[in-house]
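Hi,

Here is the structure I promised to pass on.

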Amino acid sequence: MVKDTKLYDLLNVSPTANEQEIKKGYRKAALKYHPDKPTGDTEKFKEISEAFEILSDPQKREIYDQFGLEAARQGGPTFGAGGAGGAGGFGGAHRFSNEDAFNIFSQFFGGSSPFGSAGDDSTFSFQSFGGAPGGGFTSFGGMPGGMGGGMPGGMPGGFRSASPPVQEETVQVNLPVSLEDLFIGKKKSFKVGVKDQRGVQEKKQIDIQLKPGWKAGTKITYKNYGDYNPQTGGRKTLQFVIQEKPHPVFKRNGDDLECVIPLTFKESLLGFSKTIQTIDGRTLPISRSSPVQPTETSRYPGQGMPLSKNPSQRGDLIVRYKIDYPISLNDVQKNVIAQNF
């Protein structure tokens, strides 16, 4: 259950909406409230754009669903497959601006005007969009040539076509993590070597707060933490991808943990009493007084991995049995089996 539904309400979608429904909701709301429309509302447009930025990113959306809007703005411990990191990475909060809203709109519609061409009733009214750099006017291309120069009469700033911000290259780094660390949500601190403006390698401290229940493939994104890029004047993006280290006892299957207990042929027939250590270090007694079938499993609810969306709940522990069948029998053993089975 989500903490609040404000962002979903802004896009007129439900908290269970999929990616396409979120895009459709943003398209409709953004076109209605864009400041260059008669129905425009600058503040509403900014709120809608921020809602889309968060809900279209699986990592930010999960933070918002659990902890609310401020947590999503702060970035927090970001997670999920395939999205960029939190709004402010792991640093301070990034306050969403009118310029951010404008850039999202531009990227969504491919830099062209969704309102029609010059002379159409639905073209821009070209009123100033509050947060545009330089205080000038901004156009999505509704006028021929984008009106790149100043307007006749000396209007300050002139019109200019919006261009999407340069997207820095993302460099992925595998991060091996033990199941125990993913169980408790341990903080991982280490240093990475990145190149500065002179091409000299320097060490940067990285702190990653793992979230209990994160799975292999979870991505944590740090913008402007990689090598300096002389072509853009910025730094590349570092994206750490969680890899689960092999465990000597457990194998993970979603939120469940599986383990195998070896049994002698005698134990499989007459029963047994054993103990295993759970992932959180507790001792779990396991016993049987009846025969165990070769394909049989025992399930222990709540003894698996935490659910990342609700760490207070856990998956199950599934115990499988490996029976050591004899590879040969002597005559006495054969007679005993024949007489009793």
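Before anything else, a word on labels: helices (H or I, at least four residues) and strands (E, at least two) are DSSP runs, numbered from the N terminus. Residues are numbered from 1 along each chain as its sequence is written. Keep in mind that this is a predicted model, where local features need pLDDT of at least 70, side-chain atom pairs count only at pLDDT 80 or more, and totals for chains, interfaces and linings use all residues, while side-chain values use heavy atoms, with hydrogens and water left out.

Asn12 counts as exposed because its relative accessibility is 69%; the classes are buried for under 20% relative accessible area, exposed for over 50%, and partly exposed in between (1.4 Å probe, protein chains only).

Asn224 also has a positive phi, about 65°, although it is not a glycine. You'll find Asn224 in the loop between strand S4 (219-222) and strand S5 (228-229). At 48% relative accessibility, Asn224 counts as partly exposed.

The overall picture

In total, the protein has nine helices and 15 strands. Buried residues make up 40% of its 341 residues. The protein exposes about 18,600 Å², and carbon and sulfur atoms supply 50% of that; accessible areas come from the Shrake-Rupley method with a 1.4 Å probe, and for residues only the protein chains shown count as cover. As for contacts (heavy atoms within 4.5 Å), take those between residues at least 6 apart in sequence: 54% of them join residues at least 24 apart.

How does S12 run relative to strand S15 (residues 317-324), parallel or antiparallel? The two run antiparallel, joined by four bridges, and Tyr300 stands opposite Leu317 in S15. Strand S9 (residues 256-264) runs parallel to S15, with eight bridges joining them. There, Leu263 stands opposite Ile323 in S15.

Salt bridges

Side chains of opposite charge can pair when their charged atoms come close. This structure holds 18 salt bridges, each defined as a side-chain nitrogen of Lys or Arg within 4 Å of a carboxyl oxygen of Asp or Glu.

- Arg73 and Glu70 meet through their side chains at 2.7 Å, N to O. Both lie in helix H5 (residues 69-74), three residues apart, about one turn of the helix. Arg73 counts as buried because its relative accessibility is 16%, whereas Glu70 is partly exposed at 38%.
- Arg314 and Asp280 meet at 3.2 Å, N to O. This pair links distant parts of the chain, 34 residues apart: Arg314 is in strand S14 (residues 310-314), and Asp280 is in the loop between strand S10 (272-277) and strand S11 (283-288). Arg314 is partly exposed at 22% relative accessibility, and Asp280 is partly exposed at 30%.
- Glu296 forms a salt bridge with Arg288, the closest N and O atoms being 2.6 Å apart. With a relative accessible area of 22%, Glu296 is partly exposed. Elsewhere, salt bridges that share partners join Glu50, Glu70 and Arg73 into one network.

A nonpolar patch

Which residues form a nonpolar patch on the surface? They are Leu269, Leu270, Leu329, Ile337 and Phe341, with about 490 Å² of accessible area together. Patches are made of residues with over 30% relative accessible area and no salt bridge, where like charges are joined within 9 Å and nonpolar side chains (Val, Leu, Ile, Met, Phe, Trp, Tyr) within 5 Å. Leu269 is found in helix H8 (residues 265-270), and it counts as partly exposed because its relative accessibility is 31%.

Cheers

How values were computed
Two strands pair if DSSP finds at least two bridges between them.
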